Amino acid sequence: MRLEQDGIPVAEIKWRRVGGAFSAYKHMRKLDRKFRSVDIHEGSPSQEWDTAADSLRQSGFNVTLLQWGAAVGAMMHNPATGLALLAQFFEPGRQAAAILASFRDHWNGESLPWRMFGIQARLPSGFLLDTFSFRPGHYTLRFRRPRRMPAVEATPQDFRRGAGADLILERYAPADAILKNTDFHNWVLERYRKVIVGQVSSKSNMIEWADVQKRFLRSSMRHQGRIWLDQPANSFFSVVVEGEPVFQEEDFKRVCDEYGAV
Amino acid sequence: MARQEALDMVPLRNMEAKAEVQENGLVLISYEVAVKPWFGRVASKVGLWDGRPMTRQLELDEIGSYVWGLFDGIRTVREIVALFTERYKVQRREAVLSVTEFIRMLGQRGLLGLK
């Protein structure tokens, strides 16, 4: 995730859960080899950064502060959850150190809160963010829970390969403009015709479906979804789950209840 | 040009373009397009073009029609974004992207300028 201010990158954050041991030194050497023109070394530019690192250590992270040129970074790893995180601040200042100190690992809990661009959700903690898109009028967040946690060096293709479950959150807006020449029911059936599987039940501002497909010599596939109209937010929200039937009915309901406009 | 400066500019409609509000509330814009000389010569020879200016039509959707109505030569892009945000209850950033992309699209067609 890259953050910009006035079109100029100010920070970049990369994260992933890793299994087993994590060596910050090994990854620092890897960065050093990748960016040969800059001297990446361990160090802290000021007391504020040390204080931020101490705050992170108290929350359970192992922290290594990095410096290269004017930029400052931090490599963090939480052995309890396997979360590894690289934060880079290209124009570090007092604000950047405070932002670093605010990092927390929510993987310890049963669920993981998300909040961005006016939407919020709380998902079961096994789901990792796969792809996302924030286009005007249409937001998509695709999460995946692979059966086996991918290795550190795994490519996105490796991450998507194999058994697992996908969770897709979408938001369409503005709803009143979308429904100008159609009604909610028709719009949903047209937009989600390739996604809807099984029995569909509809209420005035909500459509749901659920089905489990048996597959020969393979685990069965669960398809479940819910789309609803949130009139105060003038938006449609949808939650779709596909894949291994590891996602229980109550989990699905909880995700739907927690997902919506901020 | 910085983003902040661009947001303070005022969109101006092309006076040559004819916009009419249809019965369904959507705006239909008719505008003339310049014909490339080589295409004009070929089209004339095969009888596809009689030399008169070619006209194109662009029908705006619900949101586009609303924004087009806000181009009064006085409001800045920033003010239009604020009205758009209030009308459609979207995030400000989303409104900025929608409105600026729409202005860019109209600008490419020569239907809108910025002062």
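I call a crossing left-handed if the near helix is turned anticlockwise from the far one by less than a right angle, and right-handed if clockwise. By that rule H3(B) and H4(B) cross right-handed.

Conventions first. I am working on a predicted model, where local features need pLDDT of at least 70, side-chain atom pairs count only at pLDDT 80 or more, and totals for chains, interfaces and linings use all residues. Residues are numbered from 1 along each chain as its sequence is written, chains are lettered from A and ligands numbered from 1 in the order written, and side-chain values use heavy atoms, with hydrogens and water left out.

Helix pair. I looked up H3 (residues 62-70) and H4 (residues 77-88) of chain B: they pack at about 140°, axes 10 Å apart. That makes H3(B) oblique to H4(B). (Under 35 degrees is roughly parallel, over 145 roughly antiparallel, 65 to 115 roughly perpendicular, the rest oblique. Axes are fitted to C-alpha atoms, for helices over the stretch in contact; angles run from 0 to 180 degrees between N-to-C directions. Helices are DSSP runs of H or I, at least four residues, numbered from the N terminus.)

Interface. I find 17 residues of chain A in contact (heavy atoms within 4.5 Å) with 12 of chain B. The buried area (accessible area, 1.4 Å probe, lost on being put together, summed over both parts) is about 1,100 Å², 56% of it from carbon and sulfur atoms.

Salt bridges. The rule (side-chain nitrogen of Lys or Arg within 4 Å of a carboxyl oxygen of Asp or Glu) finds 3 across the interface of chains A and B. I noted A:Arg171 with B:Glu94, closest N and O atoms 2.3 Å apart.

Technical notes. Helices (H or I, at least four residues) and strands (E, at least two) are DSSP runs, numbered from the N terminus. Buried area is the accessible area (1.4 Å probe) that two parts lose on being put together, summed over both.
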